[in-house]
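Visitor: I would like to learn how to read a structure like this one. Could you walk me through it?

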Amino acid sequence: PPPNAARDRPGILGRVPSPLFAEPSPDVHRMQKAAAAPRRYVRIEAKGTESSSPSRKRRYEVQTAVTTFAKIDAATGKRAASVDLHSQLHYGTPAYYAYYNDPVGFNAKYDRMHYELVVGQDMVESLSSDGTIRHIRPSPGGLSPIQASPSDNSLAIGYDLKCQADMINYAQKDWVHADLTREEFVAETQKQQQQQQKTRRDSAAEEVGDSSAQQPLWALASSAAVYPGSEFVSALLRPSTPSTGASSSAAVARRLFSNLFLPGDALAGLIRAFLWMLSPAPEVSVLLLDWSSLSPRPTGGISPIALPVMECLLSGNVREARKLVFGQMVVSGSGGQSADTDTNAILINKRNDKAIHVLQTSIQRDGYKSNALLYGASHCLDLQRRLQADGFVPIKTEWRTAWTVDVPPFGLGGGKVGKDMLPAFVSDLTSPSSSNGIAVALVVLPLYFAIGGFDWLATIAEVGGALDKGDIGDGMLEVALYLVRHVALYLGLAKFVIDWDGQNTLFGGAGDDAR
């Protein structure tokens with residue numbers, strides 16, 4: 001029988017007598033209307049100026065959602081089971097992960113905890129005859145045998161964070177493995193690749209099998225051909241947006257002067273090629289071309305994270321700027337959708353199939369009523385849809401902080417300046433009444449274009465000098481170095497400064513507040 005640790009104690013759903021849930025629930029329809037599930041499971045929350053801080057630092061928090069779902073018994077109107085869906089990041093502060101090791105603050109809330117973790121088959125052992133319920137084999141002393149890789153640790157140290165694998169004890173009591181093992185993951189990958197290759201007689205599937213033990217999981221799941229420098233080459237030829245990465249095989253629709261019935265894609269490509277060499281700071285001109293030619297037309301603007309990143313850089317806080325950019329990368333990449341549908345099918349869908357199957361076994365067969373499901377943020381929207389399809393209703397969403405970034409002040413003093421007092425090109429880059437934004441725009445924009453202009457003139461002079469001497473090799477090298485510099489700037493602007501979709505996907509918005 002399931003343990004009764006959760007019986008008669010306050011929990012996320014209030015005082016819930018687990019496992020019987022004898023208390024009547026609120027009206028189901030009212031509950032569904034009042035507690036819509038979040039649109040995202042990770043966000044950046046802007047906290048504003050801390051009044052107690054003499055330096056007027058503003059705080060930005062990278063947060064993950066915890067959404068409570070309950071299944072209502074149609075016959076009795078009572079709660080039959082509950083699931084807390086914990087979105088998790090692989091990097092965070094020690095306090096962020098310590099919560100999951102707390103026997104009272106976390107473990108006592110649930111009858112069973114289900115977690116994601118792709119590990120070797122030899123690291124798990126079955127707790128049920130059919131092998132559905134299994135857990136990590138604990139190391140001596142009951143500790144987790146899981147350790148982060150050296151590359152993951154190096155990345156975490158660079159941002160002054162910790163790795164999830166090092167901080168959470170996955171060998172705790174009532175914690176069960178709800179994910180594929182590495183062997184199962186590789187088998188699913190090979191099965192998919194063999195299906196794709198039925199019409200092509202080659203040995204690609206066998207080659208993957210031979211080298212899979214050393215490959216990262218995303219590489220095993222992806223069928224796209226990605227080679228070193230592919231992102232740079234792709235950016236030279238076509239727009240680079242979140243939906244058109246180097247590994248995406250999706251066609252990019254572009255139109256220019258559609259009212260004049262001109263061939264938009266070919267014309268945009270031709271203009272793009274000329275802009276790379278004939279325009280100072282070409283990355284800006286190319287971005288404007290991409291924005292005007294993409295179809296459907298982008299609906300966003302300047303990313304809300306661009307200003308605080310620039311303020312950190314201008315005030316010398318490089319580490320804080322890097323943490324903000326890292327947070328943006330995490331949030332932007334956690335939507336659960338991938339341009340490479342093959343990667344998405346394995347990394348997200350197959351693993352979520354396993355998670356829901358194990359969770360349903362715990363609830364329906366084993367009788368565990370109060371459950372936690374701990375999964376990566378990119379999995380959670382799909383898991384949410386699956387839970388709702390299974391009859392679970394979202395009750396509330398709370399947010400936990402993975403890490404914080406304090407942005408020091410940079411601007412024109414404490415006063416506020418209206419946007420109507422500024423030129424249009426400056427006001428479009430700043431938030432309303434933001435003196436910091438005005439200062440950054442007035443400092444950065446002229447400096448950026450001046451450096452871009454000098455770089456262009458110097459490159460033209462170097463190339464001309466090389467050609468005069470008949471040294472074509474040196475001239476081509478100068479052109480190549482110029483393109484590398486500015487394509488790198490283009491990719492940085494496209495990824496971290498431009499918000500292509502305009503759906504407020506970074507900062508919390510309507511529907512994402514704690515309930």
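Predicted model: local features only at pLDDT ≥ 70, side-chain atom pairs only at ≥ 80, totals over all residues.

**Reading salt bridges and a helix pair**

Visitor: Which side chain does D390 meet in a salt bridge?

Guide: That of K71, with N to O at 3.3 Å.

Visitor: How many salt bridges does a search of the whole structure find?

Guide: It finds 16. Among them is the one between D179 and R351, whose closest N and O atoms are 2.7 Å apart. Here the loop between β11 and α5 is linked to helix α13, 172 residues away.

Visitor: Are D179 and R351 buried or exposed?

Guide: Both are buried. Another salt bridge joins K350 and E188 at 3.9 Å, N to O. Since K350 lies in helix α13 and E188 in helix α5, this pair ties together parts 162 residues apart in sequence.

Visitor: And how do I read two packed helices?

Guide: Two packed helices are described by the angle between their axes and the distance between the axes. Here, the axes of α10 and α17 come within 8 Å and cross at roughly 50 degrees. That makes α10 oblique to α17, and the crossing is right-handed.

Visitor: Which residues make the contact?

Guide: From α10, they include V286 and L287; from α17, they include L489 and L493. By class, the contact has eight nonpolar, one polar and two charged residues.

Notes
Residues numbered from 1 in each chain as written. Heavy atoms only, no water. Axes fitted to C-alpha atoms, helices over the stretch in contact; angles between N-to-C directions. Helix = DSSP H or I, 4+ residues; strand = E, 2+ residues; numbered from the N terminus. Parallel < 35°, antiparallel > 145°, perpendicular 65-115°, else oblique. Left-handed = near helix turned anticlockwise from the far one by under 90°. Contact = heavy atoms within 4.5 Å. Nonpolar A, V, L, I, M, F, W, Y, C, P; charged D, E, K, R; others polar. Salt bridge = Lys/Arg side-chain N within 4 Å of Asp/Glu carboxyl O. Buried < 20%, exposed > 50% of the residue type's maximum accessible area, 1.4 Å probe, protein only.
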